[in-house]
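Dear colleague,

I am passing on the structure we spoke about, and my notes on it follow below. Please read them with the model open beside you.

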2 protein chains.
Amino acid sequence: MTWTPQYAERTAGMTRSEVRELLKLLERPEIISFGGGVPEPALFPVKETQAAYDDILGDPKLVGRALQYGVSEGWTPLREQIAATMTAKGVRCDVENILITSGSQQAIDFTARAFVDPGSEMLVQRPTFLGALKAFSAYRPKYVVLPDPKSNEPITASRGADRPRMAYVMADFQNPTGESLTMAERHDVIRLCADLDTPIVEDDPYGELYFEAEPMPTLAAVDLDGRHMDESRTLYCGTFSKTLAPGLRVGWLAAPRGVIERFVMLKQAADIQVSTINQIVVSKLLDSLPANRMDHVRATYRVRRDAMLAALDKHLGGMDISFTRPDGGLFVWLQLPAHANAPALLEKAVAENVAFVPGPAFHHDGGGANTMRLSYSLADAAQIDVGVQRLAKVFRENL
Amino acid sequence: MTWTPQYAERTAGMTRSEVRELLKLLERPEIISFGGGVPEPALFPVKETQAAYDDILGDPKLVGRALQYGVSEGWTPLREQIAATMTAKGVRCDVENILITSGSQQAIDFTARAFVDPGSEMLVQRPTFLGALKAFSAYRPKYVVLPDPKSNEPITASRGADRPRMAYVMADFQNPTGESLTMAERHDVIRLCADLDTPIVEDDPYGELYFEAEPMPTLAAVDLDGRHMDESRTLYCGTFSKTLAPGLRVGWLAAPRGVIERFVMLKQAADIQVSTINQIVVSKLLDSLPANRMDHVRATYRVRRDAMLAALDKHLGGMDISFTRPDGGLFVWLQLPAHANAPALLEKAVAENVAFVPGPAFHHDGGGANTMRLSYSLADAAQIDVGVQRLAKVFRENL
């Protein structure tokens, strides 16, 4: 049959994720990929994960539950552990404030599914996480840009009944720029959204990957200022993909309990629940992993960040290119001359066996043609130098 | 903040799944639950599952991929195995025809997300699977009932541009009735949908749980009649939840490759991918489990089906109650006298320590108050007899 006329309007404008497609390039060993924002597999806690699966599958009382359906809210001990961790970081939560999701991507998708009607306004950073834009676009919002905190631009959002349905914000080591909001900027975002009476959705996959000092409090913590999550305007999307392993697909949403009750219904309708056994594995890992393990993870990425910045300083010297100097996370963001076309440059780069993600994927309006994201997560220091050298050649020959 | 006015229109009418809530009752040991349609945990292939996780986590070449992000389409070897199995059952598929989903629930959700605009018509059986109704209702279709094949009622669906966007059908051991379409009825559904030019979504979680002869060909196989899935009007939703274990959350959609390409975008936006390690575990189980294992699974449920029918014959004798006599699957469907109110009876039943699912949950229009679903999957023959005896007492005292 002819399928094209069958599709619902919400699928219009859907495109494949450039980053997901780039993942396929990772299979080619000659490519140095600064593309996917995927974690270094050598950092996965393999031994402890194996022990956790073994414990569960060898425990006659537990295994029947681990392989069975469970409640859509998620595995209760894991929810308790997450609530305790969030409380310790200044976001007072109880177990009823936590819903386990299939990575934070699903929590992000659910927020738009819950709050955004076609045509309603929604606040986003520019640039912002492309996976979030893919999810949001299915709900057909009208995007309104959160003003760059460094500018003095006024916000153009509507007021009253037409006010934005939500603001999607990454405050720490943002994807794609690697930059974080200052404390003053966090207060600005919260004040703005309180003024508009708009919920904030904080997406925080990289907060634990800080390289310098202790990280700043999350937007949720700043918003709450000691109060309980039940009184929060900020919903918090967390994940174990960057701290443990993405292949487990375990993330969470923290929100007021009444909001969680609604989202549990979304979860039931979408896919019932996250894999029970994987939830129990994460719960066991949170207990069994040494407390200082994340220091090693952070140190590994810090070395690569340093290598990336050093290589950019060395090889891009004299070119009209600026880049961010992130204090954590996985990404550096490049600003090329205004006439540059990053998507066209990617083709040249792949011919030179180096890859990145062109900036337009991170712009809700398709702008940012002269920007690109480099991830330093998967290459070692030597490869990073070679990769940036290749990139510099592409720039010299094509800019 | 005040959350109620924040919610999108699509969340209106969302209700918690009665069956999911009933799962919570399973924790109370004194309850004999005929409620959840969950598989018997004693049938989970625990030893082989443990071996599969161990193999993966002990293989230095595989583990880095198993815990990492993977492509949204799913683990290629698993997709190949599914394509081969479907081909062997008369649905000619290649790897490009298979998308791995988080259980068949996610495939069901995606079909409506892809095809249904608010207000557009959609064909459903009455009664039908409540989890599908929960998913569909978020897309706000206008439900049109597929006529009972035993009746001669004409279909009331629109034609032309307003024709139904999809027909959702369970052909084998349907949830909730346990009944299957005859071959003639399969041809009727396909002819009707061809006449309307409407895609068919076949949901087949129970097809492998046949008790009597070899099962009939699936709707997809009848539709294709030897042609390739690329030419199919019927999309097929499959799952390993009833044959292996639901806690792994691995299912699939089989569809023409152009349709799969669209659904891959839905998957990217929804939650990126199914747990990589769980997909590899399922792939290994399909290779390692003995070929006759499903005979034991079928025999176990057949004994319980027999016990359920015998207990119903024995304890409901003389009452004005009819019930189905399924040849497979997990469910028996009861039709009580017209004045009966199954939701009210459930409260009485729980007081007697027995549970079921009242029929209205399976009716898109909230009808069916005098119907109920009994699952025999979790209780042994002796418990089934006791449970049905308790039910009979509730009926005697309240009908």
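In which loop of chain B is B:Pro147 found? B:Pro147 is in the loop between strand 4 (142–145) and strand 5 of that chain, where helices (H or I, at least four residues) and strands (E, at least two) are DSSP runs, numbered from the N terminus.

Before the rest, a word on conventions. This is a predicted model, in which local features need pLDDT of at least 70 and side-chain atom pairs count only at pLDDT 80 or more, while totals for chains, interfaces and linings use all residues. Residues are numbered from 1 along each chain as its sequence is written, chains are lettered from A and ligands numbered from 1 in the order in which they are written, and side-chain values use heavy atoms, with hydrogens and water left out.

To stay with B:Pro147 for a moment, this residue is partly exposed, with a relative accessible area of 22%; buried means under 20% relative accessible area, exposed over 50%, and partly exposed in between (1.4 Å probe, protein chains only). If its neighbours within four places in sequence are left aside, B:Pro147 is in contact (heavy atoms within 4.5 Å) with B:Glu153, B:Pro154 and B:Ile155. The C-alpha atoms of B:Pro147 and B:Arg28, which are 119 residues apart along the chain, are separated by 40 Å.

Now to the two chains together.

Chain A itself has 13 helices and 13 strands, and its C-alpha trace spans about 65 × 60 × 55 Å along the principal axes. With 399 residues, a compact globule would have a radius of gyration near 21 Å, and the 21 Å of chain A agrees with this; the radius is taken over C-alpha atoms, and the globule rule is 2.2 Å times the number of residues to the power 0.38. Buried residues make up 63% of the 399 residues in chain A, and among its contacts with a separation of 6 or more, 75% are between residues 24 or more positions apart.

Some individual residues may also interest you. A:Ser241 sits in the loop between strand 7 (234–239) and strand 8 (251–254) of chain A and is buried, with a relative accessible area of 3%. Not counting residues up to four places away in sequence, A:Ser241 touches A:Pro39, A:Pro246, A:Arg249 and A:Val250, and also B:Tyr69 of the other chain. A:Ser241 and A:Ser104 are 137 residues apart in sequence and 8.5 Å apart in space, C-alpha to C-alpha.

In chain B, B:Asp223 lies in helix 8 (residues 219–224) and counts as buried at 10% relative accessibility. Its contacts, leaving aside neighbours within four places in sequence, are with B:Ile190, B:Ser232, B:Arg233 and B:Thr234. From B:Asp223 to B:Val91 there are 132 residues in sequence and 9.1 Å in space, C-alpha to C-alpha.

Finally, the backbone. Most residues other than glycine have a negative phi, and most peptide bonds are trans. A cis peptide bond joins B:Arg126 and B:Pro127, with omega about 5 degrees, and B:Pro127 lies in the loop between strand 3 (121–124) and helix 6 (130–137) of chain B. The bond from B:Asn175 to B:Pro176 is also cis, with omega near 25 degrees, and B:Pro176 is placed in the loop between strand 5 (167–169) and helix 7 (183–196) of chain B.

A:Arg140, although not a glycine, has a positive phi of about 55 degrees; A:Arg140 is in the loop between helix 6 (130–137) and strand 4 (142–145) of chain A and is partly exposed, at a relative accessible area of 37%. A:Asp197, which is not a glycine either, has a positive phi of about 60 degrees.
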